[in-house]
Amino acid sequence: MEIRIDDLSGPEVAELLQEHLRGMAENSPPESIHALDLSGLKKPEITFWTVWDGAELMGCGALKELDAGHGELKSMRTATAHLRKGVASHLLRHILEEARQRNYRRLSLETGSMAAFQPAHQLYANYGFTLCGPFADYIEDPNSLFMTIEL
């Protein structure tokens, strides 16, 4: 598995992000979807990575700088064909290390609270993330689950 910083210009990336957004729409009401589209991920405060096996896209994830000491994990997605192969764990370790190198004190995330998101909840808990309240511009929402880790 090779992790690369990605400029979001490839058709495979656009397709995976569409899969991600469809998945969010299938499992969350519209007002509770906080996933970013291509243009949202191209902002200067966001670094976006993809995971590849040769020419095959396996997954993606992003790190958004909220301030000098706090980052947000965004757009974590494993391509359906590569579920349960360790893609998300590999990428999460990479993003955690990047956050530490940036001297962030904390990394937080928002994900859905519904059963469909349980595998994500477990992944993040396995890496030391704990439940927290809303952060940045988020508000309390029964459809959102907020997690954080002190670095």
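The buried residues of helix α1 are Val 13, Leu 16, Leu 17, Glu 19, His 20, Gly 23 and Met 24, where buried denotes under 20% relative accessible area, exposed over 50% and partly exposed in between, with a 1.4 Å probe and protein chains only. Seen down the axis of α1, these buried residues fall within an arc of 150 degrees, so they line one face of the helix; the arc is that of the directions from the helix axis to the C-beta atoms. The model is predicted, and local features need pLDDT of at least 70, side-chain atom pairs count only at pLDDT 80 or more, and totals for chains, interfaces and linings use all residues. Residues are numbered from 1 along each chain as its sequence is written, and side-chain values use heavy atoms, with hydrogens and water left out.

On the other side of α1, Pro 11, Glu 15, Ala 25 and Glu 26 are exposed. The helix has 17 residues and reaches 25 Å from its first C-alpha to its last, close to the 24 Å expected at 1.5 Å a residue, the expected span being 1.5 Å times one less than the number of residues. Helices (H or I, at least four residues) and strands (E, at least two) are DSSP runs, numbered from the N terminus. The buried residues of α1 pack against α2 (38-41), β2, β3 and β4, with contact taken as heavy atoms within 4.5 Å. Helix α1 (residues 11-27) lies across β2 (46-53), β3 and β4, and runs at about 95 degrees to β4; axes are lines fitted to C-alpha atoms, for helices over the stretch in contact, and angles run from 0 to 180 degrees between N-to-C directions.

An open sheet of mixed pairing is formed by 7 strands in the order β1-β2-β3-β4-β5-β7-β6, two strands being paired if DSSP finds at least two bridges between them. Strands β1 (2-5) and β6 (130-132) stand at the edges with a single partner strand each, so one side of each is left without a neighbour in the sheet. On average, neighbouring strands are turned by 30 degrees against each other, direction ignored.

Strands β1 and β2 pair in the antiparallel sense over 4 bridges, and Arg 4 stands opposite Thr 50 in β2. Of the 8 residues of β2, 7 are buried, so this strand is largely enclosed by the rest of the structure. Antiparallel pairing of β2 with β3 involves 8 bridges, and Thr 47 stands opposite Leu 63 in β3. The hairpin of β2 and β3 has 2 residues between the strands, and Gly 54 takes a positive phi near 65 degrees there. Strands β3 (residues 56-67) and β4 (residues 70-78) run antiparallel and are joined by 7 bridges; Thr 78 in β4 is the bridge partner of Gly 59.

Ser 75 lies in β4 and counts as buried because its relative accessibility is 7%. Not counting residues up to four places away in sequence, Ser 75 touches His 20, Leu 36, Leu 41, Cys 60 and Gly 61.

The largest nonpolar core has 21 residues, and those with the most contacts inside it are Leu 92, Ile 95, Leu 107, Tyr 124 and Phe 129. Such a core is a set of buried Ala, Val, Leu, Ile, Met, Phe, Trp, Tyr and Cys residues joined through side-chain atoms within 4.5 Å. Helix α3 gives the most to this core, with 6 residues. A second, separate core of 12 residues includes Leu 8, Leu 16, Ile 46 and Ala 79.
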